[in-house]
Amino acid sequence: MPSQILPFSYLPPPKSPPLAKQAMYKPLIYDDYPSTTTTTVKPLLSRASTFNASALATNCGGGLTAWYHNKRRRSNSDNNCLSALPDRTNGTDGGDNGQQTIAQEVTHAAAETFLLTRLCLKLLSYLGVGYRWITRFMALGCYAFLLMPGFVQVGYYYFFSPYVRRSIVYGDQPRNRSCSVTAYQLDLYLPKNSDGPKPVVAFVTGGAWIIGYKAWGSLLGQQLSERDIIVACIDYRNFPQGSISDMVKDASCGISYICNHIAEYGGDPNRIYLMGQSAGAHIAACTLVDQVVKESGEGDSVSWSSSQINAYFGLSGGYNLLSLVDHFHSRGLYRSIFLSIMEGEESLSQFSPELVVQNPNLKHIIARLPPIILFHGTADYSIPSDASKSFAETLQRLGGKAEVILYEGKTHTDLFLQDPMRGGVDEMFEDIVSVVLGGDSEVVGKSVDRRRLVPEFMLKLAHWVSPF
């Protein structure tokens with residue numbers, strides 16, 4: 001049976017907690033961790049794993065603090081995301097509803113095509129000729145072909161559903177700097193039911209920091225909007241157009257727009273959740289940690305507050321880059337290109353949330369962090385599930401609220417693509433809904449049995465050929 005998912009302290013308790021299935025997750029055993037310190041933390045999720053071991057301390061040194069102080073010297077205008085927003089009523093982003101006209105969409109598509117072609121050629125100059133990334137690229141083509149029936153149906157929903165608001169401008173930095181029409185945008189997935197303000201999930205998509213795009217969140221947006229949850233998929237610059245600091249800045253601007261404008265679309269500004277998948281989970285976590293550092297007086301002025309985020313959901317993410325460099329290299333994301341994305345080896349600790357929170361000079365930021373819930377598949381070879389376990393354990397040891405849910409035998413893409421396309425009841429999806437709608441037991445208990453999008457044999461083949 002699904003187990004009960006306990007509400008967070010700031011959410012009203014459910015009137016009647018839903019029954020859930022037991023033994024959906026294999027119990028975690030941490031005999032390999034040295035148990036020297038025990039931290040008792042009330043579980044946020046009853047089936048989530050609790051970590052009582054002490055992490056291996058990583059000393060980030062004084063360089064991190066100096067880096068944050070150097071950031072304070074930047075102009076505050078760099079982070080003033082809202083002041084530079086175009087007027088959404090004058091047609092710069094398509095009118096009152098944020099939709100672009102057909103002419104604007106065609107122009108936008110042409111500009112994006114030109115941009116992607118140019119960036120692909122530049123990216124090839126970084127990659128060179130290597131059998132690892134070439135074979136994985138070929139496997140990616142086979143993988144996409146097998147899931148094409150699902151992609152076509154999701155694409156139709158994305159382009160033709162009246163409940164999808166595409167390409168709402170949230171920032172002033174054009175993705176294609178030579179085209180004034182193109183700008184940083186986000187997509188909104190709105191519920192059919194419009195009575196009362198809805199909870200909101202701000203989602204940062206994955207893509208190895210190279211191919212991330214807001215439309216990758218269509219399937220998640222469709223699922224959650226069916227359960228009266230608004231989903232905002234944030235776009236951001238990819239490498240080589242931008243490096244990790246640009247991605248974090250873009251994500252922060254998108255979150256700022258959501259926090260300050262979501263009420264205009266029927267969202268509840270008091271019920272905003274931040275979520276990221278894969279590289280997007282890393283970017284979102286960096287953005288959240290960077291925000292609490294700023295709020296503690298170690299950074300520039302802010303246009304949104306971490307207190308507005310009810311919880312952070314990290315799906316298949318990596319949070320300690322120092323421990324993942326060699327793993328990524330073996331998987332085809334070569335060390336040279338990865339270090340270019342992360343702005344050099346000396347910056348790896350600065351963009352590793354697990355290391356930042358351990359900085360002795362930044363201990364006070366732990367109290368500002370919202371509850372952290374990490375999802376990971378045990379058969380994930382792109383980013384091992386140990387990445388989530390280690391981050392959760394570190395946060396708990398420092399007194400933060402953190403839990404991890406492991407899904408036995410699930411790969412990097414099973415949770416995000418194959419399982420939702422399989423139809424029926426989606427385990428991870430139900431876990432997210434139980435947290436976001438934890439105060440409404442009637443809605444939580446009403447699971448949606450979604451239709452199948454891809455035949456089972458094609459899903460199994462996709463699982464087998466997946467390069468992730």
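Contact here means heavy atoms within 4.5 Å. By that criterion, and leaving aside neighbours within four places in sequence, Tyr312 is in contact with residues including Leu274, Gly276, Ala281, Leu288, Tyr319, Pro371 and Leu374.

The model is predicted: local features need pLDDT of at least 70 and side-chain atom pairs count only at pLDDT 80 or more, whereas totals for chains, interfaces and linings use all residues. Residues are numbered from 1 along each chain as its sequence is written, and side-chain values use heavy atoms, with hydrogens and water left out.

A nonpolar core is a set of buried Ala, Val, Leu, Ile, Met, Phe, Trp, Tyr and Cys residues joined through side-chain atoms within 4.5 Å; buried means under 20% relative accessible area (1.4 Å probe, protein chains only).

| Core | Size | Residues, among them |
|---|---|---|
| Largest | 72 residues | Leu188, Trp209, Ile258, Tyr312, Phe338 |
| Another | 43 residues | Phe203, Leu220, Phe375, Leu453 |

Helices are DSSP runs (H or I, at least four residues), numbered from the N terminus.

The axes of helix 4 (residues 148-160) and helix 5 (residues 218-225), lines fitted to C-alpha atoms over the stretch in contact, come within 9 Å and cross at roughly 70°. The two helices are therefore roughly perpendicular, a class covering 65 to 115 degrees. Val154, Tyr157 and Tyr158 of helix 4 meet Ser218, Leu219, Gln222 and Ser225 of helix 5.

An unreviewed UniProt entry places a "transmembrane region" at residues 137-159; such annotations may be inferred rather than shown by experiment. Over residues 137-159 the chain is 96% helix and 0% strand, with the end C-alpha atoms 27 Å apart.

Key:
Buried means under 20% relative accessible area, exposed over 50%, partly exposed in between (1.4 Å probe, protein chains only). Axes are lines fitted to C-alpha atoms, for helices over the stretch in contact, and angles run from 0 to 180 degrees between N-to-C directions. Angles under 35 degrees count as roughly parallel, over 145 as roughly antiparallel, 65 to 115 as roughly perpendicular and the rest as oblique.
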